[in-house]
Amino acid sequence: MKPALLTVEDLHLSFPLARGRRIRPLDGLSFHLARGEILGIAGESGCGKSTLARALMGFYRPERGHIRIDGQERSGLKGKDLLHWQRKMQMVFQDPLTSLDPRQTIGDALMEPMDIHGLHAHREARRQQCRSLLQAVGLPASALERLPRQFSGGQLQRIGIARALSLEPEILIADEAVSALDVSIQAQIINLFRELRERMGLSIIFISHDLAVLRTLCDRMAVMQAGQFVEMRSTEELCRDPQHPYTRQLIAAIPRLRQRRQPSSPSTSHP
Amino acid sequence: MQEPLLVIENLQTAISSPRGLMPVIDRLNLTLEAGETLGLIGESGSGKTMTGMAIMDLLPKPQVQITGGRLIFQGQDLLRLTPRERQRLRGARISMIFQDPMASLSPFYTIGSQIAEAIHVHQYLGHRETRRRVCELLDDVGITEPERRMRLFPHQMSGGMRQRVMIAMALAHEPDLLIADEPTTALDVTIQDQILKLLAQKLAVRPTMSLLLVSHNWGVIAALCQRVAVMYAGRLVEEGRLDKLSSAPAHPYTQGLLDSIPDWDHPTAGLLPSLPGQAPALSATRRTRCDFLDRCSARISRCHTEAVPWHSLPEGHGVRCHLQALSGSLSQQEGFGP
């Protein structure tokens, strides 16, 4: 087994509700992510999958539990050390248009994280880095001078991915990153995630409600319900022989196209 | 033969912009028989939602205009009717369900009073009778305890429940045509499954009701429709029986669209076959070439220069692609519309 890059242990998070009650979106989650692995997290709205992404990113402070990257715990880190830790894990959001500033050029949007983290101090080095980021996600360098509204949904998602990559992270968290895209564009972005893993050795946590997307992309899959993983196994096993009743229920509910043409030749084969 | 319920004939719409009128739907021809279920599939901007809105007379005027064609519903051209006559059809003979029930329901009124309002637009009922009818409608869409539930506000219900309420309203007057625009897109898979089953059951109970289902999801369309029409850049590119079209699509776009969906039952090893590029942007100029040209791997020289005619294939299958003329047999007819 490959050594775990990210380990999450017994993660708990709750929010207060009215009249002293609490809601527990994360109720004792434990898992690990190996280097170069794509882990899919499936679940319906409200199961806590986005909260998990946000808790990993540090947007919420967990009540209990450990989040470690390369064995190093997040809590207790301050200042430069915390920044350095945070650099290793970056996020891609569902709607790239709302996560970009409408008045900021793509170049500035890509350089802002580098500014915060003090990377590539020289301006020309930064621009060079931006160009290679755009190239990595399949966009022309001319995109640097343009504004978000001048791009289509698929291109914006490429920019969202480029921005997440600008800090050269080891882990990407993608929260419903292809859900807002049209089918033909969705396939392009799914392929892009796969290429990035191959080329850069990225580890990816891919959160989606679409089981078919997860089955295509992920090495391992976890099914989440009410703040807990009810099943977590290799994609192959989980899809072929789901054990938990909830997993079975989710799979049974996928609307299917019975008669379907089989793609004649997949463009590239996967090792 | 019985006359079709709805004939869309050369429908054209345009969006007014600072650069003039931009055509969106371009000479759309579709026929819907009574009791037939037709899926309209396409990506954002293909004109599928606008088609539904045109039939309902809900296009935001004057930004979006119908610039040509006819919409013949039960023998009369909808576009020649007065607004009042259109209103008499809307919600009575033709109803619509939308993607987001929260946006279609008012947050200020109970769902009971909103269903009552939908009833009263077309039918006068007394207080007690209205109440009874509302309960009956809620019960029909699988909402238990209708007496209690009718006093709830939309925010007190789940997304699936709200969509059931919308279906209850849409079916209140037993319409002949139900238009459903992405009715399950905002819902979780298990709830989507329930709503699709509910719609299938409603269609089974009323075999004369026709359904026009607008969706981007082949699985959703397969759950309800016998026939499917594929739109691309405002034009119909392929139409036919769902089983035929999904197993042997004739248009390169339909082929690419089908191939690029991750399939649960047959997962792809490696990269997904994906269509390169994106759909063309709106443009004011008339197109004299194939809209799909830039993304097509099978293009030939005449795709660059000639407008693409509609080719009718056997069994109501049709496709807008030059390749058909090459591979086509003598039995196929050529023309500019089905």
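1. Helices here are DSSP runs of H or I with at least four residues, and strands are runs of E with at least two, both numbered from the N terminus. On that basis chain B of this predicted model has 13 helices and 14 strands.

2. As to overall dimensions, the C-alpha trace of chain B spans about 70 × 50 × 45 Å along its principal axes. The radius of gyration of chain B is 21 Å, which agrees with the value near 20 Å that a compact globule of 338 residues would have.

3. Within chain B, helix α4 (residues 111-120) packs against helix α7 (residues 159-170) at an angle of about 20 degrees, and the axes of the two helices are 9 Å apart. Because angles under 35 degrees count as roughly parallel, that angle makes α4(B) roughly parallel to α7(B). The crossing in which α4(B) passes α7(B) is right-handed. On the α4(B) side the contact is made by B:Ile111, B:Ile115 and B:Ala118, while α7(B) contributes B:Val165, B:Ala168 and B:Met169. Sorted by class, this contact of α4(B) with α7(B) has six nonpolar residues, with no polar and no charged ones.

4. Turning to chain A, an open sheet of four strands is found there, in the order β2-β1-β4-β5 and with antiparallel pairing. Its edge strands, each of which pairs on one side only, are β2 (22-34) and β5 (72-73) of chain A. Strand β1 (residues 4-16) of chain A runs antiparallel to strand β4 (residues 64-69) of chain A, and five bridges join the two.

5. What lies across β1, β2 and β4 of chain A? Helix α1 (residues 49-57) of chain A does, and this helix runs at about 65 degrees to β2(A).

6. The two chains also meet one another, with 37 residues of chain A in contact with 41 residues of chain B. On the side of chain A that touches chain B, at least two residues are supplied by each of α6 (183-200), α7 (211-217) and α9 (245-252) of chain A. The largest share of that side, eight residues, comes from α6(A). By class, the residues on the side of chain A that touches chain B divide into 14 nonpolar, 15 polar and eight charged, whereas the contact of α4(B) with α7(B) described above has no polar and no charged residues.

Note on methods: Residues are numbered from 1 along each chain as its sequence is written. Chains are lettered from A and ligands numbered from 1 in the order in which they are written. This is a predicted model: local features need pLDDT of at least 70, side-chain atom pairs count only at pLDDT 80 or more; totals for chains, interfaces and linings use all residues. Axes are lines fitted to C-alpha atoms, for helices over the stretch in contact, and angles run from 0 to 180 degrees between N-to-C directions. Angles under 35 degrees count as roughly parallel, over 145 as roughly antiparallel, 65 to 115 as roughly perpendicular and the rest as oblique. A crossing is left-handed if the near helix is turned anticlockwise from the far one by less than a right angle, and right-handed if clockwise. Two residues are in contact if their C-beta atoms, placed from the backbone, lie within 7 Å. Ala, Val, Leu, Ile, Met, Phe, Trp, Tyr, Cys and Pro count as nonpolar, Asp, Glu, Lys and Arg as charged, and the others, Gly among them, as polar. Two strands pair if DSSP finds at least two bridges between them. The radius of gyration is taken over C-alpha atoms; the globule rule is 2.2 Å times the number of residues to the power 0.38.
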